[in-house]
Amino acid sequence: KTRLLDPEVALEVESPNGTLSGVKILEAIQSVKAIEQYTGKLSFLQDEVTWKEADMDVWYKAGNAKVSTGRIEGEDYSLDFSGATNMDTKAIDLDLGMELGEEPTQALRVSIEKKMKQELKGDVGKYVSSEQLTDMVMKRLTNEGGNVFLKYKVKGTTTSPRPTLVEPTVPPLQALLQEMGGDVANIAKEAAKKEGQKAIDDATKKLGDDLRKKFKF
């Protein structure tokens, strides 16, 4: 009688390859502060998303779309996603997991090590290398396969998304360095032993606390 249609649709969508541009969510992810303090912006996330395989399950009714088991396989990273969006208001509520490939993972490691070199100050640099500190940070960011894995919660709208890093839990850089003080102290002790240095008696016992004071930036 009204001639209005209110369809309910359930689809399984697959795409063997393709390119998508203007993805605001990926643009926003580039500069999430929790990770940017270690790596800078995720520069490998380009304006265009090119994939070699993509699929998702979609349910739609009355302007509301729900996505489950969504996955995009790209050259540099893979994305798993699920959640909901309103086609009228553009509101989104998404869970997004990103696993980086080997090349961007190594690129992030280079960025982190450069940052660690800047933070090594005082006598600590005699015993602990930026590479060792970088190893500690990378353990926080990588999965069992050795690749960086980041999990986000995305709110807001499709044109103005607000991503929050959910996993891994990454504290501010200074807090992480303080938290790693015990591990750094052990490395320093071993390095000093190898060098035959004698400065390991009483000072070694307090090295963890001393490191926290030395890392001022």
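Colleague: Does Arg109 count as buried or exposed?

Modeller: Buried is the class for a relative accessible area under 20%. Arg109 has 18% relative accessibility, so Arg109 counts as buried. Bear in mind that this is a predicted model.

Colleague: With which residue does Arg109 form a salt bridge?

Modeller: The general idea comes before the case. Side chains of opposite charge can pair when their charged atoms come close. Here the partner of Arg109 is Asp135, and the closest N and O atoms are 2.6 Å apart. Asp135, at 33% relative accessibility, counts as partly exposed, whereas Arg109 counts as buried.

Colleague: How many salt bridges does the structure hold?

Modeller: The structure holds 7 salt bridges. One of them joins the side chains of Asp6 and Lys61, at 3.3 Å from N to O. That pair links distant parts of the chain: Asp6 is in the segment before β1 (8-15), Lys61 is in strand β3 (residues 48-61), and they are 55 residues apart. Asp6 is partly exposed at 48% relative accessibility, and Lys61 is partly exposed at 26%.

Colleague: Now the strands. How many bridges pair β5 with β6, and in which sense?

Modeller: Strand β5 (residues 77-86) pairs with strand β6 (residues 92-100) over 9 bridges, in the antiparallel sense. To read a pairing, look for the residues that face each other across it. Phe81 stands opposite Leu96 in β6. For the side chains, recall that in a regular strand they alternate between the two faces of the sheet.

Colleague: What do β5 and β6 form, and which residue in the turn has a positive phi?

Modeller: They form a hairpin with 5 residues between the strands, and Lys90 in the turn has a positive phi of about 70°. Asp88 also lies in the loop between β5 and β6. Asp88 counts as exposed because its relative accessible area, 63%, is over 50%. The C-alpha atom of Asp88 is separated by 6.1 Å from that of Gly63, a residue 25 positions away along the chain.

Colleague: Which strand do 6 bridges join to β6?

Modeller: That is strand β7 (residues 149-156), which runs antiparallel to β6. In this pairing, Asp95 stands opposite Lys153 in β7.

Colleague: With which side chain does Lys153 meet in a salt bridge at 3.0 Å?

Modeller: The side chain is that of Asp93, and the 3.0 Å runs from N to O.

Colleague: Which residues do salt bridges that share partners join into one network?

Modeller: The network consists of Asp93, Asp95, Lys153 and Lys155.

Colleague: Back to backbone angles. What is phi in Ala62 and in Thr69?

Modeller: A positive phi deserves a look when the residue is not glycine. Phi of Ala62 is near 50°, and Thr69 has a positive phi of about 50°. Ala62 lies in the loop between β3 and β4 (64-74), whereas Thr69 is placed in strand β4. Ala62 is partly exposed at 49% relative accessibility, and Thr69 is exposed at 52%. The cut-off for exposed is over 50%.

Colleague: Which peptide bond is cis, with omega near -5°?

Modeller: The bond from Glu167 to Pro168 is cis. Pro168 lies in the loop between β8 (161-167) and α6 (173-179).

Colleague: And the chain as a whole: how many helices and strands are there, and what share of the residues counts as buried?

Modeller: The protein chain has 9 helices and 8 strands. Of its 217 residues, 37% count as buried. The chain exposes about 13,100 Å², with carbon and sulfur atoms supplying 50% of that area. For contacts, consider how far apart the partners are in sequence. Of the contacts between residues at least 6 apart, 60% join residues at least 24 apart.

Notes. Residues numbered from 1 in each chain as written. Predicted model: local features only at pLDDT ≥ 70, side-chain atom pairs only at ≥ 80, totals over all residues. Heavy atoms only, no water. Helix = DSSP H or I, 4+ residues; strand = E, 2+ residues; numbered from the N terminus. Buried < 20%, exposed > 50% of the residue type's maximum accessible area, 1.4 Å probe, protein only. Contact = heavy atoms within 4.5 Å. Areas by Shrake-Rupley, 256 points an atom, 1.4 Å probe, with all protein chains shown as cover. Pairing = 2+ DSSP bridges. Salt bridge = Lys/Arg side-chain N within 4 Å of Asp/Glu carboxyl O.
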